[in-house]
Amino acid sequence: MTVHNSEIADSFEKLADLLEIEGANQFRVRAYRNAASTIRGYPRSMADLLEDGEDLSELPGIGNDLAQKIGTIVETGELPLLKEVEERTPEALSELMMIEGLGARKVKALHDALNVNSLADLERAAASGEIRRVSGFGEKSEKKILARLQKYSGEEKRTRLIDAEEIGRPLIEHLEKADGIKDIVITGSYRRRKETVGDLDILVTAKQGSSVMDHFTSYNEVDEIASRGKTRSTVFLQSGMQVDLRVVPQVSFGAAQIYFTGSKSHNIALRKLGIRKGFKVNEYGVFKGDKRVCGKTEESVYAKLGLAWIPPELREDHGELEAAKKDKLPRLITLNDIRGNLHAHTSASDGHNSLKEMAEAARDLGYDYLAITDHSQRLTVANGLDKKRLLAQVREIDRLNQKLDGIVLLKSSEVDILEDGSLDLPDSVLRELDFTVCAIHHRFGLSRKKQTERILRAMDNINFNILAHPSGRLINKRPPYETDMEKILEAARERGCIVELNAQPQRLDLTDEGCRMARELGVKISIATDAHSISDMDHMRFGVDQARRGWLEKSDVVNCQPLDKLAKLFTR
Ligand code: DGT
Ligand code: CA
Ligand code: CA
């Protein structure tokens with residue numbers, strides 16, 4: 001069996017969680033988290049790299065020790081150190097950190113005081129009123145835990161888009177080798193570029209359905225065949241992912257693509273529109289009585305219904321049919337429109353590459369500019385820069401810009417927003433920068449009102465330019481902190497602040513919904529990778545996907561602007 005990058009990353013993340021709960025050295029915890037993020041986002045699989053005899057310790061953030069551990073996981077599917085730690089500290093404790101307001105420290109406190117070892121234990125302890133008696137907790141936090149637990153248990157387990165890609169790509173390569181196969185496309189939420197997917201829906205056209213099914217079910221990662229037919233089958237892969245495969249004739253390919261791309265509510269709206277126009281719409285085509293009037297291409301189906309072709313990212317029944325009818329669909333932003341990246345770290349703080357390496361990588365991507373936004377000093381675990389180090393970096397960037405061709409480095413900082421809403425660096429230093437990226441990295445548990453006020457107060461500072469990862473959520477890992485996002489976006493517009501759409505695949509923050517709200521309120525967005533290494537810069541495409549789901553056009557996004565226009569947006 002092949003070990004995927006996402007599985008290796010998951011092991012390291014779990015190890016980091018458990019070590020953190022045990023109170024291990026924060027730098028050690030951070031090292032495992034960094035490694036997880038490098039591995040998850042890496043464009044090639046660790047298994048392939050090892051097979052090619054590459055030295056993993058040359059990857060960003062991976063030393064000899066971690067390289068060896070990766071090798072062990074690839075070889076055996078297991079990480080002995082994780083097993084060892086799990087013997088001391090129950091594995092389920094890391095899941096407790098998913099509950100809002102429960103960090104490592106609080107999980108440990110509950111474990112020590114009440115022997116809470118699982119979500120079920122936690123629920124029992126909260127329901128029986130035991131939690132309020134543990135020091136550091138009260139009646140209010142106990143209630144919150146209960147409410148959040150109920151919400152959490154209702155959430156199905158979904159796979160992050162980047163992990164789904166890693167699972168889907170080799171499967172498509174396998175299917176391409178099937179006899180008689182013509183078209184292959186992954187439809188469903190994957191094609192709509194949703195941040196997480198429930199399962200993969202693959203649609204193919206082929207002469208002979210049954211030989212395609214043989215080929216599909218014999219894929220070496222198939223764990224269980226749930227159902228098998230001539231035109232549809234469902235399997236579970238070893239990763240746990242469900243895959244549905246449908247085979248349709250080519251005359252139906254467009255209609256089937258629409259149907260299986262969804263969303264369900266988009267399909268229902270289309271079908272209703274069809275009925276009003278006297279058509280029956282289904283996965284085989286558009287029918288007038290028994291006669292198929294079209295179905296071969298998506299365009300033909302939409303056109304028959306009086307609609308312009310609708311990009312998959314918009315197919316959520318959020319007004320796209322109305323817009324398509326009036327030919328008023330947004331001209332969605334594309335990756336090609338991006339002219340620079342406004343959030344990146346170097347080895348001066350917690351990144352893995354030098355200024356020069358980052359600059360050259362950005363230039364190779366065709367960018368005009370790259371902003372260096374190493375952390376401010378508050379983030380000691382990330383080796384944050386104090387005033388002196390930051391000013392030295394500013395001078396170094398000035399010198400480097402003299403020498404660099406075809407790319408401009410912008411001087412910036414990812415400045416912490418402190419609990420009282422002040423910024424982590426004095427105004428005299430902030431003024432030396434081209435602009436600032438400001439973010440919350442601690443005190444996630446404040447009330448909605450206090451957290452919102454904290455951000456508003458920070459934005460009052462004239463040196464505040466971009467609000468980074470505005471909700472703080474990590475997909476499948478940490479819920480957003482509580483804020484009034486509408487109020488924050490309104491305040492940003494009033495003050496001339498920009499809001500970030502962080503493109504890290506585990507953040508994608510703003511959400512698609514947040515992007516729509518921002519656009520309606522007239523707030524400008526920066527799509528930025530928050531790159532900690534050269535290869536992280538490729539994650540821009542996930543940010544663009546999310547922006548497209550949020551109806552954003554080129555003109556909504558500040559880093560689609562040339563440098564001279566961009567600079568003006570930083571003057572408040
Ligand atoms: P997921 O897998 O939860 O991330 O979301 P989807 O959108 O991929 O949903 P899935 O896999 O259940 O079904 C794929 C597509 O098939 C869905 O987007 C629309 C279509 N579909 C599924 N069930 C129905 C249905 O009952 N009615 C209609 N009109 N379409 C459906
Ligand atoms: Ca699906
Ligand atoms: Ca499905």
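## Terms and basis of the model

A salt bridge is counted where a side-chain nitrogen of Lys or Arg lies within 4 Å of a carboxyl oxygen of Asp or Glu. The side chains of D112 and K108 meet this rule, with 3.0 Å from N to O. By the same rule, the count comes to 43 salt bridges.

The structure is a predicted model, in which local features need pLDDT of at least 70 and side-chain atom pairs count only at pLDDT 80 or more, while totals for chains, interfaces and linings use all residues. Residues are numbered from 1 along each chain as its sequence is written, chains are lettered from A and ligands numbered from 1 in the order in which they are written, and side-chain values use heavy atoms, with hydrogens and water left out.

## Division into domains

The protein is divided into domain 1 (5-154), domain 2 (159-247), domain 3 (261-325) and domain 4 (335-569). These bounds come from an automatic or database domain assignment. Taken over C-alpha atoms, the centres of domain 1 and domain 2 are separated by 31 Å. Five residues from domain 1 and four residues from domain 2 take part in the contact, where contact means heavy atoms within 4.5 Å.

## The interface of domain 1 and domain 2

The size of an interface is often given as the accessible area lost when the parts come together. Buried area is here the accessible area (1.4 Å probe) that two parts lose on being put together, summed over both. Between domain 1 and domain 2 this area is about 440 Å², and carbon and sulfur atoms give 38% of it. Of the area that domain 1 buries against domain 2, N5, S6 and R40 supply 73%, more than any other three residues.

One salt bridge is counted between domain 1 and domain 2. R40 and D163 meet through their side chains in a salt bridge of 2.9 Å, N to O. Three residue pairs are in polar contact across the interface of domain 1 and domain 2, both residues being at pLDDT 80 or more. A polar contact is a pair of N or O atoms within 3.5 Å; within protein, one must be able to donate a hydrogen and the other to accept it, and residues adjacent in sequence count only if both atoms are side-chain atoms.

On the side of domain 1 that touches domain 2, the elements giving two or more residues are α1 (5-21) and α2 (26-41). The most comes from α1, with three residues. Helices (H or I, at least four residues) and strands (E, at least two) are DSSP runs, numbered from the N terminus. By class, this side of domain 1 has no nonpolar, three polar and two charged residues. For these classes, Ala, Val, Leu, Ile, Met, Phe, Trp, Tyr, Cys and Pro count as nonpolar, Asp, Glu, Lys and Arg as charged, and the others, Gly among them, as polar.

## Salt bridges within and between helices

D112 and K108 both belong to helix α7 (residues 104-114), where they stand four residues apart, about one turn of the helix. K108 is partly exposed, with a relative accessible area of 31%; buried means under 20% relative accessible area, exposed over 50%, and partly exposed in between (1.4 Å probe, protein chains only). A further salt bridge joins the side chains of R124 and D121 at 3.3 Å, N to O. Both residues lie in helix α8 (residues 119-127), three residues apart, about one turn of the helix. R124 is exposed, at a relative accessible area of 55%.

The side chains of R495 and D460 form a salt bridge of 2.8 Å, N to O. R495 lies in helix α21 (residues 485-495) and D460 in helix α20 (residues 448-460), so the pair ties together parts that are 35 residues apart in sequence. R495 is partly exposed at 21% relative accessible area, and D460 counts as partly exposed at 47%. Elsewhere, salt bridges that share partners join E165, R169, R193, R541 and D545 into one network.

## Backbone features in loops

The peptide bond from G262 to S263 is cis, with omega near -5 degrees. S263 is placed in the loop between α13 (253-261) and α14 (264-276). The bond from D509 to L510 is also cis, with omega near 15 degrees, and L510 is in the loop between β17 (498-502) and α22 (512-521).

Although D317 is not a glycine, D317 has a positive phi of about 55 degrees. D317 lies in the loop between α15 (298-304) and α16 (320-325) and counts as partly exposed at 39% relative accessibility. N383, likewise not a glycine, has a positive phi of about 55 degrees. The loop that holds N383 runs between β12 (369-372) and α18 (387-403), and N383 counts as partly exposed at 38% relative accessibility.
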